[in-house]
Amino acid sequence: MKRNSKSVELLSRTLSYILVAAMASGATLFLWGNGRGQSKLEQLEKLIEKCFIGQSDKTAMEDAAAAGMVEALGDKWSYYIPASDYEAYMEQMNNAYVGIGVTVDTVGGEQGYAVLQVEPTGGAKQAGVQVGDILTHVDGQRMLDIGMTAAREMIRGKEGTAVKLSLLRDGVAMELEVIRQTIQVEVARGELLENNIGLVTIANFDERCAQETLEAIEQLRQQGATALIFDVRFNPGGYKKEMVQILDYLLPEGDLFRSVYYTGQETVDTSDADCLKMPMAVLINQDSYSAAEFFAAALDEYDWAVLVGENTMGKGYFQNTFRLNDGSAVGLSVGKYFTPNGVSLAEVGGLKPEIEVQVDETTAAKIYAGQLAPEEDPQIIAAIEALQKAS
């Protein structure tokens, strides 16, 4: 068959342009054909190891590739955990770690990191660290120079050892020696408000959540509480088993929670007939995720509690954590969650409160840091008013 002369001319010009571009940039084109039987990533890794003129970090490359693969799923709930972060991840899930018992953030400006929370049982509390302090140095190292990650690693260490902290309090420089110890993070706590209303604040639904929540409820009832407010604002969720145990205690007989796995298998968690009958409210906001949302949704669908605050995130997938050979892990979405009535919160855009109360960023930050008294918290005030009207 006779070739089209225009096509031949076009191909010739294209090859010429590629050759000129390669010569101009100093590049040489090769076919890398030594990766037979290997995946693209394996082939690329071998190519870099063999031909790259600079220094390469294999672990960093593999971490970046793994994180990129998970990100490419387009699922904002799946995540990759480098091996270097896995221990901290498990500490968070277990609500326990070896450290001094502070939560800091970068809101300290050019001076250091601001203390947002101080655990009541930690060494920092015992040494005198307070919320609002600005941590400037750890063991003589300027925290802003070494960065948050390195500072965290220096603060944490072997149980029973000491770390020296330099801080500013209202502009006055101070130095404290803090003893590292195992910190059992407080998961739930109770507080009796006026008019015999009990406030139960639940930080997350990870380990010990059900135990501490039920203990807080019983203590409040013994103190005379006749109504309850559950605060799951800024609650990132956690384990289904913890949430179900609390709901079983609170709600009458019926479905509590539905899970549908990638295999198509469906499970339904149920409650027995025993329940707690008293007026209830649940505080929610845009940082209430997963189990926190479904906890509130179940109480709402049973008409057991009034929801107060702001629209929640709407997380309808659940993840399993898979450990990989190098010590890293991936939290992969493997199924969907549904409310007792079969509603996917992801599909409806989250949980909407019956009583909407918006707060500004400054107020929200104070609530998160525990710096706002209940009588100054607009959402708690609205919940109290709702319970009083219902009684």
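Me: Which side chain does E207 meet in a salt bridge?
Reply: First, this is a predicted model, where local features need pLDDT of at least 70, side-chain atom pairs count only at pLDDT 80 or more, and totals for chains, interfaces and linings use all residues. Residues are numbered from 1 along each chain as its sequence is written, and side-chain values use heavy atoms, with hydrogens and water left out. A salt bridge puts a side-chain nitrogen of Lys or Arg within 4 Å of a carboxyl oxygen of Asp or Glu. At 3.8 Å, N to O, the partner of E207 is K241.

Me: Is K241 buried or exposed, or in between?
Reply: Buried means under 20% relative accessible area, exposed over 50%, and partly exposed in between (1.4 Å probe, protein chains only). K241 has a relative accessible area of 48%, so the word for K241 is partly exposed.

Me: How many residues apart are the parts that R233 and D377 tie together?
Reply: Their side chains meet in a salt bridge at 2.9 Å, N to O. R233 sits in the loop between β12 and α8, and D377 in the loop between α10 (361-369) and α11 (378-390), so the parts they tie together are apart in sequence by 144 residues.

Me: Is D377 buried or exposed?
Reply: Its relative accessibility comes out at 2%. That makes D377 count as buried.

Terms used. Helices (H or I, at least four residues) and strands (E, at least two) are DSSP runs, numbered from the N terminus.
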